[in-house]
Amino acid sequence: MPPVMSMWGVVALGIGSMIGAGIFALLGQATLIAGKDVLLSFLVGGVIALLSGGSFARLAARYPRRGGLIDYLAEAFPGSLFARSVSLVYLVTLIVSVAVVGKSFGAYAAQLVFGMPPGSLAANVLTVLMVLAVAGINLAGAGTVGRIEIALVATKLGVLVLLIGASLGRFDPQLLMKTPDVGWATLMSSIGLTFFAYAGFGMMANASASVAEPQKTMPRAIFIAIALVTFFYLALAAVVLGNVSMDQLRRYTDSAVAVAARPALGQAGYIIVTFGGLLATASATNATLFSILNLNAELGRQGTLPRAFGRIILHAPLGFSCSVAAALILVVAFPLSAIASLAGMFFLMAYIAVFAAHWRLRREAGGRRLFIILGAASMGCVLLGSAISLGREQPSALALGAVILVACAAGEWLIMRRR
């Protein structure tokens, strides 16, 4: 297949998948947890993302395939239950991510159009319509996805630059001083939540088969995207800390970024930034569904999913249609906070597995052992802190996560036995 996506298309795909629900819906929640230490949370999260991105970049350059993460696991641990189970967990993670991002879109859209709160029927209906529309775009091909993603990312970054430029001049240090200090455990929990805002960079690897010269293009694209997103996250966290009081933050947790626009830009600014939130979540959905489409094809080819999932029904692969349907069920059945924490933990597990794959393939792919060890250890600490926090605050969500992990492993074991 000839290259159909430029380097900047891949960068846009990464930024689009990162700057979505993670910042527009979860920044308020992360700030409530960590106070002014949320700046440190985003900084540490960015460093961990760069370490993980280094492994993805090396592997994507050496193995330019559309399966991304699952191909690296299959190459490092061929035919193993571990590789097949983690690959299935990653697919589930992306499905959950579509639900998280979609619910954020619905919350912003229902508030802007109908003045209704998050979780309302109108919000869920708008989410379903958006996800179905974006799924149709992905069936049009990688070239269409890349061009649309560039347009969406350019527009939403313009909105964020406007917000940052207007709000930093009105920064109130007194608001920053009134936020609480937190301990180590709480900080680790906050980093786990903010890492979800970065986790989309892994989806960029799925585009490696669609670009020219992946050995040069993929490392550049991955590092550019993570560096730009880290800058925007730190700036936006500062904007919220310096323009939104803790009382306002508790009342408008899900729309903290839009609320931060009011002091500098008034109601018009609130509407503009809300519109930016709609673009951000739509583009994040676009990027995630692009990865799901590629993953379903590769998992079917590898035999990790039943071959029937590759059948084309109503112009769409059956596996892709089932993934979209599962995401929409999650949208209707679960609140945003529960599925966001779950998705963050699953991303951490899957990305730790990538470090393991890179360690096994380091002679072929290259890379410094120190960075692989440092990245895996730091991500493991964040995963432990996130699990402890989730078990303390939402034990049912942690139990659901455990059930999903066991189901993925058991399902793959049965498939391997039948073969």
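L81 is located in helix α6, which spans residues 81–113; helices are DSSP runs of H or I with at least four residues, numbered from the N terminus. The model is a predicted one, in which local features need pLDDT of at least 70 and side-chain atom pairs count only at pLDDT 80 or more, while totals for chains, interfaces and linings use all residues. Residues are numbered from 1 along each chain as its sequence is written, and side-chain values use heavy atoms, with hydrogens and water left out.

L81 is partly exposed, at 32% relative accessibility; buried means under 20% relative accessible area, exposed over 50%, and partly exposed in between (1.4 Å probe, protein chains only). Together with W413, L414 and M416, L81 makes a nonpolar surface patch of about 350 Å². Patch residues have over 30% relative accessible area and no salt bridge, and nonpolar side chains are joined within 5 Å; a salt bridge is a side-chain nitrogen of Lys or Arg within 4 Å of a carboxyl oxygen of Asp or Glu. Helix α18 (residues 395–418) contributes three residues, the largest share of the patch.

## Helix α13

T288 lies in helix α13 and is buried, with a relative accessible area of 2%. Apart from neighbours within four places in sequence, T288 is in contact (heavy atoms within 4.5 Å) with L94, S97, V98 and M203.

G300 also belongs to helix α13, which covers residues 256–302, but is partly exposed at 22% relative accessibility. The C-alpha atoms of G300 and G319 are separated by 8.5 Å, and these residues are 19 apart along the chain.

## Aromatic pairs

The count of aromatic pairs is 13. Rings of Phe, Tyr and Trp (its six-membered ring) pair if their centres lie within 6.5 Å; planes under 30 degrees apart are stacked, those over 60 edge-to-face, and the rest tilted. F56 and F201 form an edge-to-face pair, 5.6 Å centre to centre with 90 degrees between the planes. Because F56 lies in helix α4 (residues 38–62) and F201 in the loop between α10 and α11, this pair ties together parts 145 residues apart in sequence. F56 is buried at 0% relative accessible area, and F201 is likewise buried at 0%.

The rings of F196 and F347 have centres 6.1 Å apart and planes at 55 degrees, so this pair is tilted. F196 in helix α10 and F347 in helix α15 (residues 336–360) are 151 residues apart. F196 is buried at 8% relative accessibility, and F347 is buried at 1%. One aromatic cluster includes F56, F196, F201 and F347.

Terms used. Helices (H or I, at least four residues) and strands (E, at least two) are DSSP runs, numbered from the N terminus. Patches are made of residues with over 30% relative accessible area and no salt bridge: like charges are joined within 9 Å, nonpolar side chains (Val, Leu, Ile, Met, Phe, Trp, Tyr) within 5 Å. Accessible areas come from the Shrake-Rupley method with a 1.4 Å probe; for residues, only the protein chains shown count as cover.
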